[in-house]
Amino acid sequence: MAIPSGEQPKCVEDVRGLHAMNTELSASLRRQQTILQARKVTIPGNVLEEATAIDGQLSKLEQTLLDEQTELEQLRALTETSSLINSSLDVDQVLGQAMDEIINLTGAGRGFILLRSRETGEIEFRTVRAPEDDQRQDISRTVIDQVMNTGEPLLTDNASSDPRIKQSESAGKFTLRSILCVPLKYKDTVIGAIYVDNRFKEAVFTMREANLLIAFANQTAVAIENAILFAQVQATLIEITRVKELMENVFASIASGVITADAADSVMTFNRAAAQILHVSLDEALGKTVESLVPGVGDFDVHLHSVRAGKSTALETQAQIPGRGHVQLNLKISPLKNAAQETEGVAVVVDDLTEQREREQTLETASRYLPPGMVENIHEIAGLALGGERREVTCMFVMTV
């Protein structure tokens with residue numbers, strides 16, 4: 001099929017000119033032949049035969065040039081279309097663009113792209129291009145199965161008389177004529193097929209269209225796999241983002257400070273509670289060592305070495321924290337392990353015991369001066385409102401003589 005184009009190449013125009021001149025010369029010789037014979041002038045017999053042979057050769061040359069021009073334009077269209085479909089990572093957009101160009105390049109009446117489902121293995125229609133009144137999916141399943149199973153293209157001029165598919169019910173039922181179907185292959189795996197047909201004309205497709213569609217299918221298969229891979233990466237990224245946000249929300253809601261560090265003792269995670277307890281912002285903490293963020297712990301390296309060996313530890317420390325003053329902290333240090341139970345760092349849980357220790361010290365001081373019962377009920381006494389509490393009481397006075 002010739003692709004419509006603008007001006008014909010100059011070589012084609014030249015051949016057509018020569019063809020017209022030769023035809024005119026042959027006609028002129030035939031017209032003058034009777035006159036020349038009356039004047040006893042004989043035209044050599046092979047002149048007209050040679051003119052006829054030249055006419056046939058010029059016709060063949062013109063057709064050859066037109067075929068080569070058509071093939072060149074198809075290859076140009078293939079190059080442009082390949083760049084177009086590889087510029088998108090949306091599967092449906094890629095398939096739609098591919099099918100539009102296939103219809104244009106091959107002159108098919110209808111076109112379908114089918115893909116094998118990765119979940120079920122079933123063949124699914126992904127893209128359909130057909131006239132509005134003929135978008136039914138009545139294609140030859142025999143052809144599709146043969147192409148998908150063998151991985152080889154199939155071309156037929158007349159499906160109803162082709163011995164390869166004459167047993168196909170769909171070919172006879174739907175009166176299918178010209179059919180061209182090629183596999184979509186990615187790394188030697190058939191992932192689908194491109195199917196085009198013309199239900200009313202025979203011999204619409206030639207090996208030129210078949211070779212063109214095979215090259216196009218190879219490009220399309222790569223584009224499809226890239227688009228699917230991109231969609232999977234996007235889905236994975238969305239899931240990672242969701243999990244990350246969930247972890248951040250969990251860390252933010254924990255009252256204890258949580259710090260994680262890698263094998264080099266560089267802080268990777270630092271939640272909101274840790275920032276409040278240690279009076280250090282997240283930006284300041286990331287990348288620093290745990291020891292520099294948790295002051296007042298003697299022999300911290302010894303504790304970290306023990307934890308990296310797989311032994312958890314807990315300790316209390318007192319320190320002066322700039323911006324907060326004197327604090328008392330409880331530290332629980334544990335090995336940070338991966339899924340293979342290999343230690344990749346440490347996790348530190350920090351609890352601020354400052355207020356608790358101050359209350360304990362106050363109670364200890366009060367117990368020196370108050371009765372034990374009052375000390376035991378100090379929390380209830382502390383909860384009394386100003387002005388006391390009104391209750392009904394019974395008093396008994398006893399006098400002894």
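Before going on, a note on what we're looking at. This is a predicted model, where local features need pLDDT of at least 70 and side-chain atom pairs count only at pLDDT 80 or more, while totals for chains, interfaces and linings use all residues. Residues are numbered from 1 along each chain as its sequence is written, and side-chain values use heavy atoms, with hydrogens and water left out.

The protein has 13 helices and 10 strands; these are DSSP runs numbered from the N terminus, H or I of at least four residues for helices and E of at least two for strands. Of its 401 residues, 35% are buried. Buried here is under 20% relative accessible area, exposed is over 50%, and partly exposed is in between, with a 1.4 Å probe and protein chains only. The accessible surface is about 24900 Å², and carbon and sulfur atoms hold 53% of that; the areas come from the Shrake-Rupley method with a 1.4 Å probe, and for residues only the protein chains shown count as cover.

Now, the pockets. A pocket is an open set of points on a 1 Å grid over the protein atoms alone, where a 1.4 Å probe fits, with protein on both sides within 12 Å along at least five of seven lines; lining residues have an atom within 4 Å of a point. Points are joined across faces, edges and corners, and the volume is the space filled by probe spheres set on them.

The largest pocket has a volume of about 330 Å³. Of its 13 lining residues, Glu-248, Phe-251, Thr-269, Phe-270 and Leu-282 are the closest to the centre. Helix H6 (207–253), strand S7 (267–270) and helix H7 (272–278) each give two or more residues to that lining, and H6 gives the most, with five. By class, we have eight nonpolar, two polar and three charged residues. For those classes, Ala, Val, Leu, Ile, Met, Phe, Trp, Tyr, Cys and Pro are nonpolar, Asp, Glu, Lys and Arg are charged, and the others, Gly among them, are polar.

The second largest pocket holds about 230 Å³ of space. Its lining includes Arg-116, Arg-118, Glu-124 and Glu-225, and by class has four nonpolar, one polar and six charged residues.

Let's visit some single residues. Where does Ser-266 sit? You'll find Ser-266 in the loop between strand S6 (257–262) and S7. Ser-266 counts as buried because its relative accessible area is 18%. A polar atom of the Ser-266 side chain lies 3.2 Å from the backbone oxygen of Gly-287. Beyond its neighbours within four places in sequence, Ser-266 touches Thr-260, Ala-261, Gly-287 and Lys-288.

Ser-253, in helix H6, counts as exposed because its relative accessibility is 60%. Its C-alpha is 8.9 Å from that of Asn-271, 18 residues away in sequence.

Finally, two residues with positive phi. Asp-188 has a phi near 65 degrees, in the loop between strand S4 (178–186) and S5, and at 78% relative accessibility Asp-188 is exposed. His-279 has a phi near 55 degrees, lies between H7 and helix H8 (282–285), and at 46% is partly exposed. Thanks, everyone!

Key:
A polar contact is a pair of N or O atoms within 3.5 Å; within protein, one must be able to donate a hydrogen and the other to accept it, and residues adjacent in sequence count only if both atoms are side-chain atoms. Contact means heavy atoms within 4.5 Å.
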